[in-house]
Each structure stands twice: as C-alpha cells, then as structure tokens.
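This report describes a strand and its partners, a ligand shell and a nonpolar core. Please consult the sequence and the structure below.

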Amino acid sequence: TTKLNQPPSPWRLPVIGNLHQVSLHPHRAFRSLSLRYGPLMLLHFGRVPTLVVSSADAAHDVLKTHDLKFANRPKTKAVDIIMNGGRDIAFSSYGEYWRQMKSLCTIHLLGKRMVKSFEKVREEEIKIVIEKLEKASSSSLPVNLSRLLLNMSNDVICRVAMGRKYSREENTSNFENQLRKVMELLGSFPVGDYIPGLAWIDKLRGLDRKMEEVSKTFVEFLERVVQEHVDEVENKETLDFVDILLQIQREKTNGFELDRSDIRLIILDIFLGGTTTFFTAIDWAMILLIRHPESMKKLQEEIRMYSRHKLYVSEEEVEDMKYLKAVIKEVLRLHPPGPLLIPRELSEDIKLKGYDIAAGTMVFINAWAIHRDTEEWGQDAEDFKPERHLDLSLDFRGQDFKFIPFGSGRRLCPAIDFAITLIEVALANFVHRFNWRVENRPLGDDDEYYLAETTGIEVCRKYPLIAFPTSNLSTNYGTTTKINVSG
Ligand code: HEM
C-alpha cells in the first residue's frame with residue numbers, strides 16, 4: 001500500500017474507522033469534511049473503504065468517464081434479506097439481470113406513453129386533496145399538509161402499480177406501516193456490514209429478525225396482489241404495472257423471462273423509489289414557497305395566466321409554465337430527496353484524478369453538497385431563487401454534473417418523467433386554488449423547525465407541515481365527483 005496514492009483521508013480510529021464522524025446527517029458531515037480534505041475523500045466505515053465525491057468535476061469522472069466501473073451497488077444485509085439478495089433494479093449489481101429489469105421498467109412501465117395513461121389517476125387523487133383543503137379552508141382550520149401529500153403519493157403509486165388503493169380504506173395502515181418499516185430497515189445501519197466481528201450486535205438489536213419479518217409480510221402481500229390480478233376476468237380500460245408485467249411474463253415480450261418473484265420485486269422497488277421521493281419534493285416545495293411569498297406570488301400569477309377560470313390546472317396547461325418548472329428545479333437543487341444518491345461500488349481498481357481507488361470501494365456522490373457549491377452556483381448558492389433556472393438550460397437528466405437530483409449514467413433514475421409530471425401538476429393545483437400560511441413559531445425558531453431534516457440516506461422534512469389554506473374560489477364543493485374539471 002505504500003506505493004498507492006490514495007485520496008486524502010481524515011484521521012481515523014481503530015476498528016470503526018471514520019464511522020464516528022458520519023453523524024445523523026451524513027450529507028452535511030461529508031460536506032464539512034470535504035471542505036478540508038477535498039472533493040475526492042477516502043473514509044473508512046469499519047473495514048469498508050468509502051469514497052466521497054463532492055464536486056461536479058469529480059462526479060463527472062465517476063458517473064460518466066468511469067460509469068461502467070461504478071455501476072454496482074454495495075450489498076448490505078438489509079438488501080440481502082429484504083430485496084431477495086438484491087435481485088431487483090435499484091440494488092442489484094450491474095449485469096444482464098439488472099439490464100433486463102431496468103430496460104423493462106424504463107420502456108414498459110415508466111415511459112412517456114405510460115405516464116400519460118395515468119393522467120386521470122393523478123387528477124382524481126389531486127382532487128381528493130383539494131376537496132379536503134376546501135373543507136379546511138371553509139372552517140378556517142389548519143391541515144397536516146405533509147400527511148395529505150404522503151397519502152396522495154402513496155395512493156397514486158398504489159393505483160398505478162396495483163390498480164387500486166390497498167390503503168387506508170382497508171387496513172392500509174398495515175401496508176403503509178410495512179412500507180415505512182422497509183424504508184427504515186434499508187436505511188438502517190447494521191454494524192455487521194462494516195465490522196463483521198460485531199455482527200452479533202445486530203442480532204441483539206433484533207435487526208435480523210425485523211428484516212426477515214418485514215420481508216415475509218411483503219412477499220405475502222405482493223403475492224396476494226399478483227394472484228388477484230391473475231384471477232381477474234374483466235377487460236380493463238387502463239392496465240396497471242402488475243397487469244403489464246403479467247402480460248410480459250405470458251408473452252415473453254422482447255425475450256424477457258419473468259418469474260413471480262421478479263414481478264414482486266419490481267413492484268416493491270417502484271414503491272420504495274416512488275413514495276417518499278414524490279412526497280418529499282412537494283412537501284419541500286410547499287414550505288419553501290410559503291416562506292418566500294414573492295416566489296409564491298410569481299408562481300400564482302403564472303398559473304393564473306395559463307389557466308384562467310379553471311378549477312383544475314391540467315397537465316397540458318402546466319407544460320408551458322416556465323416559472324413552475326424553475327421552482328421545482330430549485331427545490332430539487334436545495335433538497336434532493338436522496339442527497340447522497342444511492343451508493344455505488346467500484347468493480348475494479350482504477351486511477352481517478354491521479355488517485356488509486358481499489359475495487360470494492362463504496363462510493364457516495366454528495367449531490368446535496370454539489371448543488372450548494374458556490375463555485376458552481378455563485379455566492380447565493382444556499383438561497384432559494386427559482387429565477388436562477390430561467391436563464392439556464394440546465395437539466396436534471398444526468399448530463400449536467402452540477403445538478404444531479406436523479407443521479408446520472410447507467411444508474412440514472414428511470415422515473416424522471418413519471419415523478420416530474422405528478423410534482424408539477426400537484427404543485428400547480430395546490431398553489432393555484434389556495435393561498436397559504438403557517439404560524440410563526442412562539443420561540444422564533446422558524447428556520448430550525450420548518451427546515452429541519454430527518455436522518456438517514458433518504459431525507460425529508462422532519463416535522464409535519466401544518467398549514468392554513470384559504471381558498472381562492474367562492475365555490476362550495478360537496479364531493480370530489482362534483483368538481484367540474486372544465487370550470
Ligand atoms: C422526485 C422524485 C425522485 C427522485 C429525486 C429520485 C432520485 C433517484 C436517484 C438519485 C436514484 C439513484 C441514481 C444513481 O445512482 O445515479 C434513483 C434511482 C431509482 N429510482 Fe428514483 N427518484 C425519484 C422518483 C422515483 C419514482 C417515482 C420511482 C418509481 C416509480 C423511482 C424509481 C427508481 C429506481 C427503480 C431506481 C434505481 C435505478 C438503478 O439502480 O438503475 N424513482 N432515483
């Protein structure tokens with residue numbers, strides 16, 4: 001090792017390495033360290049060498065120049081138990097199986113034509129939220145907007161993936177709780193992954209048992225859903241993801257060989273990839289707009305210009321709204337739902353910017369830090385300023401390495417259109433129909449409260465957004481079905 005030129009590393013402790021420096025907010029801890037040690041920094045999580053990438057230039061080298069070599073995901077115990085040994089899209093190693101599953105999802109499930117086919121589902125679910133907001137508005141009561149947005153995200157994904165809501169109406173709490181448990185366990189920190197000698201601690205904490213339990217519950221639930229689809233006889237107007245996957249299984253479309261466990265894993269992946277990310281993006285967008293009234297006003301004016309006299313802003317109208325798109329880009333810049341993307345693993349030894357990086361190194365791309373880099377974004381990089389995107393042709397599809405909320409390269413998120421379409425139309429409607437306010441905090445700690453983050457790899461706002469909607473319409477709404485779309 002004396003001959004190797006390794007990237008700079010902070011001082012580390014025996015056995016645990018740099019684990020004590022990670023903190024509850026790894027993206028923040030990594031940025032502080034990278035300001036001292038540079039944009040390519042080598043840490044050690046127990047026995048696992050871990051490269052942290054914190055500049056657009058270094059991200060370009062990893063995600064573009066050496067994309068193929070960085071295309072694996074690290075295997076963790078949680079992935080192994082819950083995701084069936086990582087035989088799925090998000091976690092499996094780069095290879096033939098992953099290639100097949102990803103192209104199947106990109107083309108058959110998440111392509112533009114499919115996204116369009118679910119327009120009605122989005123509209124219905126957004127109107128359900130609008131109806132609740134109208135009720136709160138007429139009685140001047142606050143709503144737990146975060147809860148409403150999370151339910152909406154869940155319900156859209158449920159209907160798109162499985163044809164109906166397996167949710168609150170019938171025991172959803174069960175389904176939603178299980179989903180939350182999976183997320184928590186996938187983001188948990190099994191000590192044994194990094195320090196094998198201490199794997200007994202995970203057993204003692206009951207982590208292994210919880211993972212096995214949650215995996216079993218999900219297999220049973222998803223198996224029931226797939227079987228219900230097999231047993232269905234009626235011809236459906238709109239096919240959901242399970243229908244399409246079963247069709248592909250029957251017809252072996254494009255040579256895809258799918259078994260039941262593949263179908264179950266794809267659906268689970270869609271839930272894991274979709275639910276919190278949608279919710280997180282809209283939740284941040286709402287609080288940032290509420291706290292920046294000048295941006296809120298500009299956005300409301302733009303929406304009114306394109307959709308005057310309409311009760312519902314359609315997806316077609318949203319297409320031309322440049323300021324709305326700039327707002328969403330700014331939200332994803334400041335608060336990417338996956339601030340460190342999803343970790344990668346290097347498959348062979350390479351040289352990167354003159355440094356030697358060994359095969360097996362785990363890699364975090366600190367998108368959060370890159371999105372706030374003053375060299376790339378200017379001195380006001382920390383400020384919420386949607387205007388900065390109006391003159392930039394910068395896109396989030398993985399070509400501009402200073403802006404990578406959906407990642408880049410082979411592992412790019414396959415659901416960009418799917419995600420952005422819902423975020424745009426939902427935000428346009430909530431902002432168009434209502435004026436919003438939140439109460440000032442009695443202790444004057446507004447920033448600490450409203451901008452606080454959860455811990456872990458997927459980061460949302462910590463505290464629920466309790467807000468007061470005031471309807472912009474005098475119309476009274478009874479039920480969702482009475483809402484007149486054309487106005
Ligand atoms: C605002 C919404 C979303 C954001 C910000 C987001 C972000 C990301 C990121 C950062 C990655 C990792 C990329 C990389 O390693 O380079 C990813 C991967 C992935 N996302 Fe998304 N995502 C969103 C919505 C969704 C939705 C709605 C779905 C499913 C319907 C989804 C499914 C996936 C899947 C399956 C992968 C794994 C791809 C692979 O490993 O090849 N995502 N996403």
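How many bridges join strand β2 to β7, and do the two run parallel or antiparallel? Strand β2 (residues 48-53) and β7 are joined by 4 bridges and run parallel.

## Basis

The model is predicted: local features need pLDDT of at least 70, side-chain atom pairs count only at pLDDT 80 or more, and totals for chains, interfaces and linings use all residues. Residue numbers start from 1 along each chain as its sequence is written.

Strands (E, at least two residues) and helices (H or I, at least four) are DSSP runs numbered from the N terminus, and two strands pair if DSSP finds at least two bridges between them.

## Ligand shell

The ligand is surrounded by 26 residues (C-beta atom, placed from the backbone, within 6 Å). Gly273, Gly274, Gly407, Cys413 and Ala415 are the closest. Helix α13 (260-291) and α19 (416-433) each supply at least two shell residues; α13 gives the largest share, 7 residues.

## Nonpolar core

The largest nonpolar core has 129 residues, and Ile267 and Ala285 have the most contacts inside it; such a core joins buried Ala, Val, Leu, Ile, Met, Phe, Trp, Tyr and Cys residues through C-beta atoms within 7 Å. Its largest share, 19 residues, comes from α13.

Note on methods
Buried ≥ 20, exposed ≤ 12 C-beta atoms within 10 Å, placed from the backbone.
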